[in-house]
Amino acid sequence: MCSPEHFAVEYAINPWMDVTTAVDAELAVKQWDRLRETLVGLGHDVHLLTPEAGLPDMVFAANGAFVVDGTVYGAQFKHEQRAAEAAAHRAFYESQGWRFIAPSETNEGEGDFAYLPEAHGGLVLAGHGFRTELPAHAEAQEALGRPVVSLRLVDPRFYHLDVALASIDDENIVYFPGAFSAASQKVLAQLFPDAVVADDEDAMTFGLNLVSDGLNVVLNSEATRLAGKLKAAGYHPVPVELAELKKGGGSVKCCIAELRH
Ligand code: ARG
């Protein structure tokens, strides 16, 4: 995770960002800190990246890389405003001794990649259409040695995979079908017949931008309806308020890069 000390909306690279909206960085830090405490309270180790002035989106740590089985596939940002973030993530992984594979294709890390260790023997789901480019999916498959299923995102409001789909345990997902092309919806229905299906409202409240340990599902507090659906499916929703960061187009999952040994 990376503290939003320098968080601001200085440019607009997704439909949620409006440069005329005032951002309260102090409040953003407070809310983000509650998220960090929530994860620690659930028993997770949280490592911190040092936020850098001039990189207002650095709080969205999920975009910096994608890790599977101890191997790190690095990010290469689409927009130049965020390009320098990749080096900070790389330095973190290299200093910690992770196997790091530098990308040569545009991809935004866990923003567009999800991993399900028990689904079909270990499956990567990958989004394209807005940020990550299709050749990065093939590059990730070669880097990580896991099948990568390409899914096409079609709704600009849901410009990253992680605002439209999330793993809720090692083999199942929750997703909003309307964010995907008709063919990709068919693929998801075939692979995940027992998925929790979200709707437009669930997605608009950033409910899908969640992290789950298989039982506890940490999600944006605005997503009360989706929390109800997850509860009915046997999960334990843990709401966290992240209203300031929503102005940047992100929520819970965007703030967290998962480290998978
Ligand atoms: N303002 C950031 C951007 O548009 C938000 C990134 C959200 N991160 C995510 N994993 N969806 O790049």
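Is Cys2 buried or exposed in this structure, and what is its relative accessible area? In this predicted model, Cys2 is buried, with a relative accessible area of 0%.

**Ligand site**
- The space that the ligand takes up is the largest cavity, and the shell around the ligand is made up of six nonpolar, six polar and four charged residues.
- Among the 16 residues around the ligand, those that come nearest are Asn14, Arg82, His160, Asp162 and Cys254.

- The side chain of Asn14 places an N or O atom 2.7 Å from an oxygen atom of the ligand, while Asp57 has a polar side-chain atom 2.9 Å from a nitrogen atom of the ligand.
- Gly248 takes part through its backbone, where an N or O atom lies 2.8 Å from a nitrogen atom of the ligand.
- The ligand taken alone exposes 350 Å², and 100% of that area is buried by the protein.

**Cysteines**
- Cys254, which is one of the residues that come nearest to the ligand, is buried, with a relative accessible area of 3%.
- A search of the whole structure finds zero disulfides.
- For Cys2, the closest cysteine sulfur is that of Cys255, and because the two sulfur atoms are 9.5 Å apart, they are too far from each other for a bond, given that a disulfide requires a pair of cysteine sulfur atoms within 2.5 Å.

How values were computed:
Residues are numbered from 1 along each chain as its sequence is written. This is a predicted model: local features need pLDDT of at least 70, side-chain atom pairs count only at pLDDT 80 or more; totals for chains, interfaces and linings use all residues. Side-chain values use heavy atoms; hydrogens and water are left out. A residue is near a molecule or strand if one of its heavy atoms lies within 4 Å of it. A polar contact is a pair of N or O atoms within 3.5 Å; within protein, one must be able to donate a hydrogen and the other to accept it, and residues adjacent in sequence count only if both atoms are side-chain atoms. Accessible areas come from the Shrake-Rupley method with a 1.4 Å probe; for residues, only the protein chains shown count as cover. On a 1 Å grid over the protein atoms alone, a cavity is a set of points where a 1.4 Å probe fits but cannot get out, and a pocket is an open set with protein on both sides within 12 Å along at least five of seven lines; lining residues have an atom within 4 Å of a point. A molecule sits in a cavity or pocket if more than half of its atoms lie within 2 Å of its grid points. Ala, Val, Leu, Ile, Met, Phe, Trp, Tyr, Cys and Pro count as nonpolar, Asp, Glu, Lys and Arg as charged, and the others, Gly among them, as polar. Buried means under 20% relative accessible area, exposed over 50%, partly exposed in between (1.4 Å probe, protein chains only).
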